[in-house]
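Hi,

Here's the structure I promised to pass along.

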Amino acid sequence: MPALGDRIRALLGRRSEAKTIISVQNDRRVVLASILLLLLLGLPLWWTTTRVYRAELPVAEIAVFAPDQELTVPFSFYIDAPSMTVATEAIEHMVQKLIDEQRTAYTPDEWRVRYTARIRHKAAAPDVPGHYTLRLREAARTAVDFDADRVAHVSISESATKRDAVVAKLVADIVAKEEHELREKSGARRALKYAPEYSVAFTLLNEDPVGGAAVNWDIEHAANAFVRPFVDTLRPLAKLAVSTQVLHHAGPPPVKPLAHENGTYLTPDMLPHFANSPWWNLASTDPIAPSINFILYVPALQSQPLRIIDDAKRTSATNAFVVSQWGGIAIANLPADTKAGASVVISSDELQKYFGIFIAQLRELVGIRNDTPLQLSTRVTVRRATATGISAWELDALMRRWMVANRQTAITTLQSLVRLVESMENMVVMDEIKVQVDQSLSALRSIPQALESHLRAFELAANASNSAEGAFFDPSMVSLLYFPDQHKYAIYLPFFLPVTIPLLAAIKKAIRKAPPNDDSQPAVSDDKKKD
């Protein structure tokens, strides 16, 4: 035990011993070596573990797609003329010449999209988008009759020498008119942007069931009879998820109808403010899909009949109106003998006229045009698809318009993504982003080869657009738009500043007190001098 005590006293006694210059220099070397080791190993380790991961995007491949890159969409017309002789090659040459002449009549669009036509002499075209049958027959006068399917009956009164010119003019007008409308983007302000799915809600809205009548409707049968055929026909392009509801106690609209001796009325300038969406509970069941709302509005009894009049003081034939990119409203006035407190059920037969209005509004909101496929000086008849609400000609035109729009959306979104990533060096670019970008590029590259099938080209364009927007709006990227470098400095400075200042001070002190580099002998301590 005495030996252990002596050792402890010896260790404690060392603290009071003066260090030699050699030991001090060794300590300083250890300190400097530790600092150097921290800088050489610690900083690279910190940089490696905290750096932002950025998957390499195919910037050069994205830059290949530009507005001036031409996209040619072919139409195929099949001539069915068993009793006539037609020169298909001559007609095709005349058609393209006429299309080019009409193309020069309007300002070219930034995006170079060209529609062309091919003429084939066969009995009938396959029943697929982009392929159409022209059935020719001799008649007393020239006329065109469009069926609801992809067939046009052409009556020609011209001689054989002018017959080819008539057919060529017909085909050129069909193709050039659609291309012109594509560049004009007419009706685009009211129509919604393409989406793979829409949430369509039909609502019966009763303004005042307490002071008026309790109203209900036979919506299940009406929806199956009048809406389902349209939904099924449009399904290859977009899914329409249909829902229905009844809202009582809606309250008065934001604008008060003007009084008239025979009821009340709304003027055109009041219509945009009539839809009271914040107060009406029109929440969609799908938070992602764009919503399309259709309201059958039953006004209070004291306001009935409620009419819509135009600027010329004429009563609207439909008593309905469209709200751009939102939906449509139809006003349902109850029978004049309806008493307060009565219960009224709007039958399926009574709903037919209202759902005819809603289908017409839905066509407008998705971008279907109501005009004829061509404008000619001859007689043109278009047979409407009353059973489905959309003809094959209209479906094909909508498909091509959405195909071109989705391709443009995909290209502009990918280019915006590249600019965003290049402008923010600390933005995370995960592998999932690169996968979606590659998928979008693959679909874009396949579109020109798939244009023989308009439906396949549309599907590729839709996939390209969805993948591009999925990459651009990925949560891992959007979050950094609101995380600038100043936030990063504010996070790291409280950690590194308390360590950095003493460290720099120690380095400065060690350098300042370093002895000169000479061959002098080390000094001895005062205790040794006394000895």
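Below is what I found, starting with how the values were made.

This is a predicted model, so local features need pLDDT of at least 70 and side-chain atom pairs count only at pLDDT 80 or more, while totals for chains, interfaces and linings use all residues. Residues are numbered from 1 along each chain as its sequence is written, and side-chain values use heavy atoms, with hydrogens and water left out.

Let's begin with His 454, which is found in helix H10 (residues 454–472); helices are DSSP runs of H or I with at least four residues, strands are runs of E with at least two, and both are numbered from the N terminus. His 454 counts as buried because its relative accessibility is 3% (buried means under 20% relative accessible area, exposed over 50%, partly exposed in between, with a 1.4 Å probe and protein chains only). Its side chain makes a polar contact with the side chain of Arg 400, at 3.2 Å (a pair of N or O atoms within 3.5 Å; within protein, one must be able to donate a hydrogen and the other to accept it, and residues adjacent in sequence count only if both atoms are side-chain atoms). His 454 and Arg 400 are 54 residues apart in sequence, yet 7.0 Å apart in space, C-alpha to C-alpha.

On to salt bridges (a side-chain nitrogen of Lys or Arg within 4 Å of a carboxyl oxygen of Asp or Glu): the structure holds 21 of them. In one, Glu 452 pairs with Arg 118, the closest N and O atoms being 2.7 Å apart. That pair links distant parts of the chain, with Glu 452 in the loop between helix H9 (431–450) and H10 and Arg 118 in strand E2 (residues 113–120), 334 residues apart. Glu 452 is partly exposed at 45% relative accessibility, and Arg 118 is partly exposed at 23%.

Another salt bridge joins Asp 147 and Arg 383, whose closest N and O atoms are 3.5 Å apart. Asp 147 lies in the loop between strand E4 (143–146) and strand E5 (151–156), and Arg 383 in the loop between strand E16 (379–382) and H8, so the pair ties together parts 236 residues apart in sequence.

Cheers
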